[in-house]
Amino acid sequence: MIPFGDDLPTVRNPWMTWALLATTLVAWLYFQGGGWSERLLIQSTCNFGMIPGEITHLAPVGSGVRVSRFATCLIDDDAINRFTPLLSIFLHGSWLHLLGNSLYLWIFGNNVEDAMGPWRFLVFYLLCGVAAAAAHVLTNPASPVPTIGASGAISGVLGAYLLLYPKVRVRTWFPPIFFFRVPAWIMLPLWFASQVASGLSQMSPLRPEVTGGVAVWAHVGGFLAGLALIHLFTRPAYLAQIRAARGLAARVWAAE
C-alpha cells in the first residue's frame, strides 16, 4: 500500500519538513551524483553509510563486502564512523529509494511538525533516526553492510502521526487499481505489522539472507521511538490550534 495524501491540512507552514526534503535532495544530487555516478554513489555509501560492524568494532578492520562488480566497502576505524548514524539518514541508494522516503516524509511529516514547531521536529526526526540505527546495530552487530536512508527517522514520524491523528484518513493506493481513504489507526499498524513480520522472517534459520536489503528492524525501532518520544515534543497550544482548525473544516464540509 502506497499513501499519496491525507485529509489533514496544516495550520502552519512546514518549514522544517521542506528543509529536510531539500537537504536530502541536495545530498543525493551533489554528494551521491544523483545516482548517475557509480563512483560517487559507492564512495558516499561506504564512507558515510552506517556499518554496524564499524560501530561495534565486531567486524575486522580491512574486511569488507562487495557492493558492485568493481568495488568493495572496506571496514575501517575512521573517526567519522561515530557520526554515520546521523549522516546516513540523508543518503539514499536510488531515485526510487529517495522518492519513496520523500513521499512518506511529505505526507506525514508536515502534520507532525505542525504539532511541534520546526526545531522540535528536527530534533525529534534525528533522534528517531538514531534510535532506528541503534535497533539495526543491535540486531546485526557484526554486519559489514552499509545502511543508508531516511526510512528509520520517517518511521518515527509515522509512530508520532498514529498517536496524534489516529482518526485522520490517509488516501492510499493498493496496487494495482484500488484506492481507499484509510484511517491512520488502521493503515499505520498494518504497516508496522508488515515490518515486524519481515524482520522476523530475516531471523529465521531457514532464511538467513537479508530480505531485499531492507533494514526492517531500523523501521521497527524508529516507529517505537516515535511512539515513545512524541509527547515530549508536541506543544499543547499547537495541538489545540490544529483541533480547532479541524473542527472548523468539518463544519464547512458538512455545510457544503
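A disulfide is a pair of cysteine sulfur atoms within 2.5 Å, and this structure holds 1 of them. The model shown here is predicted: local features need pLDDT of at least 70, side-chain atom pairs count only at pLDDT 80 or more, and totals for chains, interfaces and linings use all residues. Residues are numbered from 1 along each chain as its sequence is written, and side-chain values use heavy atoms, with hydrogens and water left out.

**View 1. Here is the disulfide between Cys46 and Cys73.** The two sulfur atoms sit 1.6 Å apart. Distant parts of the chain get linked this way: Cys46 is in helix α2 (residues 38–48) and Cys73 in strand β3 (residues 72–74), 27 residues apart. Helices (H or I, at least four residues) and strands (E, at least two) are DSSP runs, numbered from the N terminus. The torsion about the S-S bond of Cys46 and Cys73 is about -70 degrees, so this disulfide is left-handed. Both Cys46 and Cys73 are buried; that means under 20% relative accessible area, while exposed is over 50% and partly exposed is in between (1.4 Å probe, protein chains only).

**View 2. Asp7, Arg171 and Arg181 are linked in a network of salt bridges.** A salt bridge is a side-chain nitrogen of Lys or Arg within 4 Å of a carboxyl oxygen of Asp or Glu, and by this rule the count comes to 3. Asp7 meets Arg171 at 2.7 Å, N to O. How exposed is Arg181? It is partly exposed, at 47% relative accessible area. Asp7 is partly exposed too, at 22%, and so is Arg171, at 29%.

**View 3. Another salt bridge joins Asp114 and Arg12.** Their closest N and O atoms are 3.4 Å apart. Asp114 lies in helix α5 and Arg12 in the loop between β1 and α1, so parts 102 residues apart in sequence are tied together. Asp114 is buried, with a relative accessible area of 3%, whereas Arg12 counts as partly exposed at 22%.

**View 4. Glu54 is a buried residue with no salt bridge.** You'll find Glu54 in helix α3 (residues 52–56). Which side chain of opposite charge is nearest to Glu54? That's Arg82, 11 Å away. A polar atom of the Glu54 side chain does lie 3.0 Å from the backbone nitrogen of Asp76. Leaving aside neighbours within four places in sequence, Glu54 is in contact (heavy atoms within 4.5 Å) with Leu74, Ile75, Asp76 and Asn81.

**View 5. His57 lies in the loop between α3 and β2 (64–66).** Its phi is near 65 degrees, a positive value in a residue other than glycine. His57 counts as exposed, at 56% relative accessibility.

View 6. Cys128 is at 0% relative accessibility.

Key
Lys and Arg count as positive and Asp and Glu as negative; His and the chain ends are not counted. A polar contact is a pair of N or O atoms within 3.5 Å; within protein, one must be able to donate a hydrogen and the other to accept it, and residues adjacent in sequence count only if both atoms are side-chain atoms.
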